[in-house]
Amino acid sequence: MTLRIDNLTLARGGIPVLTGLSFDLGRGAALILRGPNGAGKTTLLRTLAGLQPALSGHITGGEDQIAFAGHADGLKAMLSVTENLNFWASVFGRDSIDAALEAYDLHALADRLAGTLSAGQKRRLGLARLLVTGRPIWVLDEPTVSLDTAAVQMFADAVHAHLGQGGSALIATHIDLGLQADVLDITPYRATATTRAGASDEAFL
Amino acid sequence: MIALLIRDLRLAFRAGGGFGLGLAFFLIVTVLVPFSVGPQADLLSSIAPGVLWLGALLACLLSLDRLLALDYEDGTLDLLVTAPLPLEAALSIKALAHWLTTGLPLVIAAPVLGVLLNLPANGFGWVVVSLALGTPALSVIGTFGAALTVGIKRGGLLMSLLVLPLYVPTLIFGAEAARRGAAGLDGTTPLLMLAGITFGTIALMPFASAAVLRMGLR
């Protein structure tokens, strides 16, 4: 399953941020997104995940294949670690969460409420969610925020194992994960002010 | 889908989940009305169905701003939208969970609180039936309102203003059925209208809610 991006133009809040972006992401490949703050990394990832439409261009191969992880982990503070993971596992039609607990060393925390975890532990739980989705394309926005070195290594191992199983990953990060990955700097694709702005209320017309 | 229902119910019953918020408000309104109106038994019994209905409606409204805002704040909503579950189904389930934790307790509490308002004996059945038929519409319409204001900080006031006009038909027919029943008349016609509104909103509203939510998440 190849994710193919063709001549994409993206806007945030009606203002174009990226234009003319094209790349392919094949099976077993990882792509690291780089770019300064505000370059449009999050906008690109949210668009690929299907959370917002592109102004123009085509995305093929992403339908129901993408597992998205954004800035927020989507955890319920009043549910335990196992309850949180079990919920996502059943939403994605999976039944086992053991592999996910194992990969991020969460067995010792399994019965703790997510609200009592530290920021790094929450992030580990949020990343463990990707493993229970069973989806081949991971789209990750700054996944290593608040992780310590050991946890970053756990994450790198999980991504490596995922790629080994024929999955792919698109990761916006500034940390070197030690992966065999291409780096895409999106700075050259920044939209200029002259690019036509999409009306923010177009969906209502 | 069952997992989402179970999760929402579990969250509602855990600390800070908000179960009982609507019920407590309903209790407060119906307990305080006799004090403010005064000890006139016949006046109370004639306004009892309307007060019960208004109390139930406002109690439903009170818990709406938590319906999607909490999931929005912790990022769950973004992940739910990208999950294989159709958003329409997910929102229907959330509305059902809201009804089970807010509407259903009100239906069960209404006959007990009816005693405080000197509700005539033949009105109890009508009040319970009309509330049972009408409160699901309040939850479904409320989900639409919550979806419409999901990205707005402190959107509770705006949502109340948007949702209240949509609540009016349910209130009119629900309270009318209960009033007629309490007065010993036949309330079948308003009850059928109420049932029509409820089933219509259950069938159509999730699509509207999902559409506005997709826009709100951009």
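A residue is called buried under 20% relative accessible area, exposed over 50%, and partly exposed in between. The model discussed here is predicted.

Q: Why is A:D105 called partly exposed?
A: The relative accessible area of A:D105 is 46%.

Q: Where in chain A is A:D105 found?
A: A:D105 sits in the loop between α3 (98-103) and α4 (119-133) of chain A.

Q: What makes the phi of A:D105 worth noting?
A: A:D105 is not a glycine, yet its phi is positive, at about 55 degrees. Most residues other than glycine have a negative phi.

Q: Which loop holds A:E142, and what is the phi of A:E142?
A: A:E142 belongs to the loop between β6 (137-141) and α5 (149-164) of chain A. Its phi is positive, near 45 degrees, and A:E142 is a residue other than glycine.

Q: How do you know whether A:E142 counts as buried or exposed?
A: The relative accessibility of A:E142 is 18%. Buried means under 20%, so A:E142 counts as buried.

Q: What makes the nonpolar surface patch in chain B?
A: B:L27, B:I28, B:V31, B:L32, B:F35 and B:L116 form the patch, which has an area of about 580 Å². Helix α2 (residues 21-37) of chain B gives the most to this patch, with 5 residues.

Q: Why are α3(B) and α8(B) called roughly antiparallel?
A: Helix α3 (residues 41-62) and helix α8 (residues 156-182) of chain B pack at an angle of about 150 degrees. Angles over 145 degrees count as roughly antiparallel, so α3(B) is roughly antiparallel to α8(B). The axes of the two helices are 9 Å apart, and their crossing is right-handed.

Q: Why does B:D42 count as exposed?
A: B:D42, in helix α3 of chain B, has a relative accessibility of 61%. Exposed means over 50%, so B:D42 counts as exposed.

Q: What separates the C-alpha atoms of B:D42 and B:L119?
A: The C-alpha atoms of B:D42 and B:L119 are 9.3 Å apart, and the two residues are 77 residues apart along the chain.

Technical notes: Residues are numbered from 1 along each chain as its sequence is written. Chains are lettered from A and ligands numbered from 1 in the order in which they are written. This is a predicted model: local features need pLDDT of at least 70, side-chain atom pairs count only at pLDDT 80 or more; totals for chains, interfaces and linings use all residues. Side-chain values use heavy atoms; hydrogens and water are left out. Patches are made of residues with over 30% relative accessible area and no salt bridge: like charges are joined within 9 Å, nonpolar side chains (Val, Leu, Ile, Met, Phe, Trp, Tyr) within 5 Å. Accessible areas come from the Shrake-Rupley method with a 1.4 Å probe; for residues, only the protein chains shown count as cover. A salt bridge is a side-chain nitrogen of Lys or Arg within 4 Å of a carboxyl oxygen of Asp or Glu. Helices (H or I, at least four residues) and strands (E, at least two) are DSSP runs, numbered from the N terminus. Axes are lines fitted to C-alpha atoms, for helices over the stretch in contact, and angles run from 0 to 180 degrees between N-to-C directions. Angles under 35 degrees count as roughly parallel, over 145 as roughly antiparallel, 65 to 115 as roughly perpendicular and the rest as oblique. A crossing is left-handed if the near helix is turned anticlockwise from the far one by less than a right angle, and right-handed if clockwise. Buried means under 20% relative accessible area, exposed over 50%, partly exposed in between (1.4 Å probe, protein chains only).
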